[in-house]
Structures are given as structure tokens and as C-alpha cells.
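Biologist: Hello! Could you walk me through this structure, one question at a time?

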Amino acid sequence: MMPQEQYTHHRSSMPSSEGPQVYKVGIYGWRKRCLYFFVLLLMILILVNLAMTIWILKVMNFTIDGMGNLRITDKGLKLEGDSEFLQPLYAKEIQSRPGNALYFKSARNVTVNILNDQTKVLTQLITGPKAVEAYGKKFEVKTVSGKLLFSADNDEVVVGAERLRVLGAEGTVFPKSIETPNVRADPFKELRLESPTRSLVMEAPKGVEINAEAGNMEATCRTELRLESKDGEIKLDAAKIKLPRLPHGSYTPTGTRQKVFEICVCANGRLFLSQAGTGSTCQINTSVCL
């Protein structure tokens, strides 16, 4: 056994005449084909993604200044055309382009809220399909120059215009009192103060003046018309003063029926006419005062 083992070892240690063996390193066969397929698929996906990105940029109109109708300027964001916001919009100022109007469109209503630091609503404006509602402590309408035209709060309503015109056919209804320094109608129009079911009272601490410069003045009532002056006098200043419906006192048959009368006053303030005579005939016709 020993000689045979030595021979085998000796044979294996001898250099081979065929040369050194070469081992190939790499991927061959189906593995190589799968690798090329995945690389080709990845290139196709990259090209498709690049094409889609370019198409989106083209459709959305992406530029250096902005996207689509949205432009980024030095003063802020600029929107061109119609814009729709599905979520709340927070901005310091919203204004239209110079010379163009600013429109707010909604299918139901448009609500504008003014909040404080605690997000509590201080002022609210709601424009709906049926009404326009405003909630706040005070409501004011002013001219461009700042003059007050209309103001309303819990205490009073102020009309600051030089003229208040009511165009309704039924006029203006005041359930309670009204305070004004002057009430007048338009030129060539009549002014009517009327209370169909109640009394009409006009009071002033320094007097009430009723003046009709180019027409007639008429005061009618159903029961009683009263002119009262507590500290002064009642003055009727006109070229002619007529009392056509005063009652006539009785006249004596022996006297002549003449058309000259005197005005008599009863103790209760009632006026009546009595035929004039050489002396006063008011004492004869006292039956009218009953």
C-alpha cells in the first residue's frame, strides 16, 4: 500500500502539460435575459414618466412665473380667469385687475365673517337667495368723501342725506313718534300727513309752522280739530279768512234780513254767526251755545 500512495502523490504534484484552468465569472443563460428585460422595462418606464411629466407641465401651463391662471408677482399671487376654491381661502387682501370687476359666485350664499383673536365672530354679512343679512354692532353707509348717509344701531337709525324720498304708493308708516326739523314734498307735489284710524299730533317746543307757498293747505278731521298755544298766540295771517260752515243764530222777525253778520263766541269756545245790528246781537242768540 505504501508504494502506491507515494506514486499517486508524486503524479499529482507534477506540472500539467495542458496549462492553467480558466473559471468564467458572470451571469449567463436565462438570468442574463431576465436582467436585460428588466433594464429595458425600466428604461421604458423612465421614458413614459418623462413624457407624462412634460405633458402635465404643458397642460397645466407651468412657467417660471407660475402655473396656469396663477402667476407669482412681486405683490403676491395673481389669478386670471375664473377660479374655484374647494377649501377655505385665507388672504390679507383680494382685489381685481385694474378696470375690471370682482365677482363672488356661489350656488347657495356668500358669507363674510370678521373674527377676533379668539376666532369669535364680530361682524357677519350673509348674502343668500332670499335676503341679505348683516350682523354687527353698527351699520353705516357713507359717500366717497366720508359723509354719513345712513347709520343704524341698537339706539337709533340716522339718515344723513339731505333728502329722504319715499316712493311707495302708500307713503310711510310710523307706528310711534317721528322727530324732524322739516317735512316737505317734492316740487309740484302735494304733501299729505294722514292718520286713518288714530289722531295726528304735531308738537314743537318753539312752535309749529305750516306753510304752503304755491298751493292750498287743508286740515280735515272726523271729530275735532284743535289748535292750542299754551304761552303764546295763534295767528292766522292771510288776505282772506273764511269760515263758511259756522252755525247761524236766530234773528228777530221785525229786523231786516241783511247779509252782514258778526262772529260771536260762546263760553265753551264755540263760534257762531249773528246778524249785525246797531249793537251786539250775540246775547240774543245764546241758544246756539247750548
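Modeller: Gladly, and let us begin with Glu 162 and Lys 147, whose side chains meet in a salt bridge at 3.8 Å, N to O. A salt bridge here is a side-chain nitrogen of Lys or Arg within 4 Å of a carboxyl oxygen of Asp or Glu. This is a predicted model, where local features need pLDDT of at least 70 and side-chain atom pairs count only at pLDDT 80 or more, while totals for chains, interfaces and linings use all residues. Residues are numbered from 1 along each chain as its sequence is written, and side-chain values use heavy atoms, with hydrogens and water left out.

Biologist: How many residues apart in sequence are the parts that Glu 162 and Lys 147 tie together?

Modeller: Glu 162 sits in the loop between strand E9 (157-159) and strand E10 (261-265). Strands are DSSP runs of E with at least two residues, helices are runs of H or I with at least four, and both are numbered from the N terminus. Lys 147 belongs to the loop between E7 and E8, so the pair links parts whose separation in sequence is 15 residues.

Biologist: Is Glu 162 buried or exposed?

Modeller: Buried means under 20% relative accessible area, exposed over 50%, and partly exposed in between, using a 1.4 Å probe and protein chains only. Lys 147, with 39%, is partly exposed. Glu 162 has a relative accessible area of 74%, so the word for Glu 162 is exposed.

Biologist: Which residues do salt bridges with shared partners join into one network?

Modeller: Glu 140 forms a salt bridge with Lys 138, their closest N and O atoms being 3.3 Å apart. Glu 140 also meets Lys 142, at 3.6 Å from N to O. Through these shared partners, the network is made of Lys 138, Glu 140 and Lys 142.

Biologist: How many aromatic pairs are there?

Modeller: Rings of Phe, Tyr and Trp (its six-membered ring) pair if their centres lie within 6.5 Å; planes under 30 degrees apart count as stacked, over 60 as edge-to-face and the rest as tilted. By this rule, the count of aromatic pairs is two.

Biologist: Why is the pair of Phe 37 and Phe 38 called edge-to-face?

Modeller: The ring centres of Phe 37 and Phe 38 are 5.8 Å apart. What decides the name is the angle between the planes: the pair is edge-to-face because that angle is 65 degrees.

Biologist: And which strands hold Phe 139 and Phe 150?

Modeller: The rings of Phe 139 and Phe 150 have centres 6.3 Å apart and planes at 65 degrees, so this pair is edge-to-face. The two residues lie in parts eleven residues apart in sequence, so the pair ties these parts together: Phe 139 is in strand E7 (residues 139-142) and Phe 150 in strand E8 (residues 148-152).

Biologist: Which strands stand at the edges of the open sheet?

Modeller: Three strands form this open sheet in the order E1-E2-E3, with antiparallel pairing. Two strands pair if DSSP finds at least two bridges between them.

Biologist: What percentage of residues 34-57 is helix?

Modeller: UniProt, in an unreviewed entry, places a "transmembrane region" at these residues; such positions are given in the numbering used here, feature names are shortened, and annotations may be inferred rather than shown by experiment. The end C-alpha atoms of residues 34-57 lie 34 Å apart.
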